[in-house]
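Dear colleague,

I am handing over the structure we talked about, and below it you will find a short account of what came out of the analysis. Please read it with the structure open beside you.

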Amino acid sequence: MITLNSKIPDGPLEEKWTKYKKEAKLVNPANKKKLDIIVVGTGISGAPAASSLGEMGYNVKVFCYQDTPRRAHSVAAQGGINAAKNYKNDGDSVYRLFYDVIKGGDFRAREANVYRIAEVSNQIIDHFTAIGVPFAREYGGTLTTRSFGGVQVSRTFYSSGQTGQQVLLGAYSSLNRQIKAGTVTMFPRREMLDLVIIDGKARGIIVRNLITGEIERHSAHAVVLATGGYGTIYYLSTLAVNSNASAAWKAYRRGAAFANPSFVQIHPSSVPQMNEFQSKLTLMSESLRNDGRVWVPKAKGDRRPANEIPEEERDYYLERRYPAFGNLVPRDVASRAAKERCDAGYGVGPTGLAVNLDFRDAIKKQGKKAIEEKYGNLFEMYRDITGIDSYEEPMRIYPAGHYTMGGLWVDYELMTTITGLFAIGEANFSDHGANRLGASSLMQGAGDGYFILPYTISNYLAPEIKVPRIKTDTPEFQEAEERAVERINRLLSVKGKQTATDFHKKLGKIMWDHCGMTRTEAGLTEALRLIRELREEFWKDLAVPGSADELNQELEKAGRVADFLELGELMVTDALNRRESCGAHFREESQTPDHEALRNDDEYAYVAVWEYNNDQPPVLHREQLKFEFVELKQRSYK
Amino acid sequence: MNKILFSAVSKKFVMALAGLFLLLFLPVHLGINLMLLKNDPEPFNSAAHFMATFPLIKVVEVLLFLTILIHVTYGIILQILNWLSRPVGYKVRNKSETTAFSRFMIWTGLSVLTFLVIHFFNFYFIKLGLVEGDPENFYSVAWQLFSIPGYVILYWICFLLLGFHLYHALQSAFQTLGLSNEFWKPVIRAISLIYAIAVPVGFAIIPLVIWLFK
Amino acid sequence: MKLKLKIWKQKNARSGGAFETYDLDGVAPEMSFVEMLALLNQTLVQQGREPVAFDHDCHEGICGSCGMYINGYPHGPVKGLTTCLLSMRHFKDGETIVIEPWRAKPFPVVKDLIVDRSALDKIQVAGGFISVTTGAAADANAVLVSKKKSDLAFDSAACIGCGACVAACKNASAMLFVSAKISQYALLPQGKPEAKERVRAMIAEMDKQSFGSCSNTGACEAQCPKQIKLFNIARLNREYYKAF
């Protein structure tokens with residue numbers, strides 16, 4: 001049975017992190033060399049963590065499933081990265097960033113964690129700039145910013161619509177520097193199959209070499225999971241098709257508790273689905289809502305081409321419903337509003353499941369060139385996919401699964417409920433509450449990796465200097481390897497008729513219909529049944545060709561889908577448990593008269609932390625959220 | 001240091017410099033050749049004599065030969081290395097868009113080299129005494145050669161190929177030397193085009209004029 | 001749409017390979033090329049046959065995973081697109097499409113259409129970074145950078161490392177890839193202090209990985225899905241000479 005101790009330092013909000021750093025134990029440079037750290041994942045938190053720990057002198061081993069660390073899906077983040085620099089002199093501050101994130105997350109995140117990430121945000125920008133990330137600049141040579149949803153200041157730093165790529169490549173370059181220096185060893189094309197725990201501490205991982213199929217054992221004094229989110233559970237999402245939850249899920253099954261699994265952000269602007277073969281939904285950055293106006297026709301079922309619908313017959317529903325924030329309301333609000341319009345029959349496009357995002361007015365005012373400079377690559381991408389030129393007619397967008405606020409539960413030190421196992425970036429649950437604000441994911445990922453984990457992990461490792469290099473020929477490694485092999489053999493031995501993708505699509509539909517943008521008691525209960533049925537069917541009718549000792553992409557997929565089939569159930573269980581609406585979690589039973597999310601702070605101001613309980617239902621633990629520094633308020637963007 | 005001197009980029013640098021030097025020599029040669037159009041053999045022969053005997057030219061001549069040697073050797077070495085960089089080729093021909101003639105530099109280059117060797121047998125080796133002939137009367141040697149239709153056709157083909165070679169060569173040299181950018185690229189391309197047409201045409205019209213008017 | 005696909009099949013790096021021909025029905029024009037291949041694989045697995053191995057991940061042209069040689073073009077016949085964004089409306093019903101892996105000595109075939117591009121990583125490891133340790137940076141606005149230079153640096157930094165330039169080049173040269181990285185750092189003041197060491201190290205590693213040299217044919221620029229410009233190579237050369 002786990003006990004939750006969030007280890008939040010006491011004292012005033014602004015002094016907690018400073019106090020922690022002051023008191024944290026250190027490891028002297030000579031000893032760092034003797035300590036091994038495993039980092040799984042090379043995205044915007046894994047690569048920074050690995051490079052920083054390498055710079056400090058630890059012996060770091062890094063793993064990713066891609067052929068090179070540079071392809072982690074953070075590369076696809078478009079809009080930007082937030083920081084409280086206040087370069088625009090618009091009243092921004094660390095406190096305001098903190099408050100926006102807490103409020104944006106609908107008061108379901110930890111104050112101390114959020115304040116800390118806001119505190120380090122400025123350093124992130126400084127560091128990225130110093131290592132050559134080409135952020136957009138003003139003519140005077142200073143960095144420029146733009147606005148994002150849920151915020152009334154301009155604090156988002158960006159590189160065109162490719163910010164994720166630019167910061168990730170920056171982090172990748174630091175990683176390369178450490179690989180050259182010999183402090184970091186890179187293991188690409190490896191998939192983590194299990195976590196090894198020795199004497200209650202995370203001491204290693206079992207991975208599969210995706211090229212040869214070989215099962216490898218890797219040991220360390222601490223293990224860091226930077227494996228991202230699980231949004232691909234919906235099958236169609238904005239994530240890379242190979243993004244998966246398996247590493248985190250394996251950790252969960254070994255005892256790392258999972259927090260708020262049902263908190264999933266549905267991004268309001270993705271290119272709508274066009275056919276049943278589609279494998280992924282492409283994101284159109286939220287930054288587009290800076291200049292694009294969202295609308296549907298005022299008349300139901302009006303199928304005229306957008307440009308033929310006159311101004312007075314257009315319903316700019318976001319501006320109508322939320323005059324204060326207009327098109328820049330947070331993502332959960334914008335997504336639900338779009339769904340509401342489409343469900344009511346006002347949707348546009350061939351399927352009626354889309355709304356217009358119109359740049360006509362912005363182009364008229366600022367000129368085509370200015371718009372091109374800000375979003376050129378996004379317009380291009382949209383044209384490549386749809387064949388539509390958005391300089392001439394509106395984009396059509398629809399919500400899509402995007403980011404998971406839920407994740408492995410971590411304490412203030414980013415350690416999970418397994419001693420020595422850390423989770424950073426999207427893989428943990430800590431900073432975004434029930435909804436993430438745009439451009440905060442890069443901030444949190446990089447912040448965890450560069451400026452938080454290096455301190456907290458050192459605090460953990462300080463007493464570990466007496467522990468010699470962990471051997472991999474122990475019974476624990478043996479057992480974990482056997483478990484992994486057994487599971488692969490099980491997947492291969494079903495020899496049924498349906499592919500992993502078939503099952504993934506079915507699961508995705510169940511999750512989208514019942515555990516997506518809106519949720520109901522009945523729907524969730526139904527989903528629970530459907531998922532269990534599907535899981536049973538999976539283990540009876542799965543088809544995986546080929547063998548385990550070769551590159552086998554179908555086998556990889558099958559393993560991931562098998563994990564999703566278990567995670568799906570946990571997500572639904574969590575959604576059922578939370579009988580309130582908050583942020584992205586919208587229970588239809590709990591809404592205000594004007595259809596906004598209605599929280600229930602008396603009963604649900606907690607983090608739902610789920611502990612694995614073998615084949616029994618998971619055990620719920622509650623981490624009560626104490627709001628000492630902000631006042632709990634009904635979120636309003638009107 | 002060796003790594004730097006013999007890196008792929010350095011080899012290209014040397015080739016480009018050598019190539020540009022050869023490009024300077026061509027108009028000089030053309031200038032002398034145009035004297036063939038005079039009915040009087042005297043100016044041409046004395047120019048040839050001057051080129052053969054003046055001490056400073058002697059130095060340039062050695063340099064010229066060295067340059068040809070370097071340009072050709074490096075070109076061949078680089079080509080072989082480049083072929084080795086793709087030991088297994090594509091089954092479908094690579095249709096990626098490329099600048100005109102750039103894919104055939106080794107072939108146009110080798111053709112020009114072949115012509116050069118013939119040319120040496122006809123003139124230069126005479127001067128060196130390696131081949132029989134009168135080094136003081138290249139005028140008549142040239143006129144005689146231009147009276148052989150087969151030779152003239154070969155001569156024209158070689159200059160056509162030289163033109164192809166030059167058009168890419170000049171632009172490429174600037175790029176390799178790091179002297180090209182968005183602004184200068186079209187200018188360099190125009191100069192390359194003019195040069196690549198003017199010089200070969202200049203050489204090629206000599207036998208034509210001799211045929212038509214002499 | 002109905003297609004005939006001739007795809008290179010190769011079990012692993014050590015074994016030989018050959019083309020296999022597949023008939024595929026039910027291709028929709030709005031599918032992307034990788035979705036079309038996924039449909040093929042779906043059909044093959046259902047028939048109990050071995051699917052075609054190929055790399056793909058983000059499906060939005062930014063991760064650089066996908067890449068194959070389609071009918072004589074790296075990433076296919078449409079300019080400025082990765083394979084994952086190449087839509088099937090650019091192909092005709094009944095067409096035969098020949099698909100080969102990237103071919104270059106530094107890119108050995110791993111399986112079918114998957115090649116090992118770690119040589120590109122090795123070039124980056126050799127010097128594709130700025131040596132600033134975490135925590136050491138001054139305020140981001142302490143160094144001013146002209147917007148023009150910064151924008152140019154961004155254009156170069158947009159390279160996704162897919163390897164199409166190498167695949168397109170008749171010499172299997174990685175000069176465009178290397179020049180993109182060198183240019184990004186050469187254009188920014190932050191990259192200046194170790195500019196010489198960087199360009200020397202990266203070029204030396206490029207040679208060591210046995211990439212070919214640059215013949216300035218421009219095939220790389222034509223096929224680059226991110227339209228990285230050839231001027232970067234001129235800048236790389238310049239930076240290299242300055243490093244002597």
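How many helices and strands does the secondary structure of chain A come to? Please keep in mind that this is a predicted model, in which chain A has 17 helices and 20 strands.

On the overall form of chain A, a compact globule with 638 residues would have a radius of gyration near 26 Å, and because chain A has 24 Å, the value agrees with that expectation. Its C-alpha atoms fill a box of roughly 75 × 60 × 50 Å along the principal axes, and buried residues make up 61% of the 638 residues in chain A. Of the contacts in chain A with a separation of 6 or more, 75% are between residues 24 or more positions apart.

Turning to chain C, the domain assignment gives domain 1 (3-110) and domain 2 (118-242), and the centres of these two domains, taken over C-alpha atoms, are separated by 28 Å. Where they meet, 19 residues of domain 1 of chain C are in contact with 17 residues of domain 2 of chain C, and the side belonging to domain 1 divides into 10 nonpolar, 6 polar and 3 charged residues.

Finally, the two chains touch each other, with 63 residues of chain A in contact with 62 residues of chain C. Several helices of chain A each supply at least two residues to this side, among them helix H3 (46-56) and helix H16 (553-577), while H6(A) gives the most, with 9 residues. The residues on the chain A side divide into 22 nonpolar, 27 polar and 14 charged.

With best wishes

Note on methods: Residues numbered from 1 in each chain as written. Chains lettered and ligands numbered in written order. Predicted model: local features only at pLDDT ≥ 70, side-chain atom pairs only at ≥ 80, totals over all residues. Helix = DSSP H or I, 4+ residues; strand = E, 2+ residues; numbered from the N terminus. Rg over C-alpha atoms; globule rule 2.2 N^0.38 Å. Buried ≥ 20, exposed ≤ 12 C-beta atoms within 10 Å, placed from the backbone. Contact = placed C-beta atoms within 7 Å. Domains from an automatic or database assignment. Nonpolar A, V, L, I, M, F, W, Y, C, P; charged D, E, K, R; others polar.
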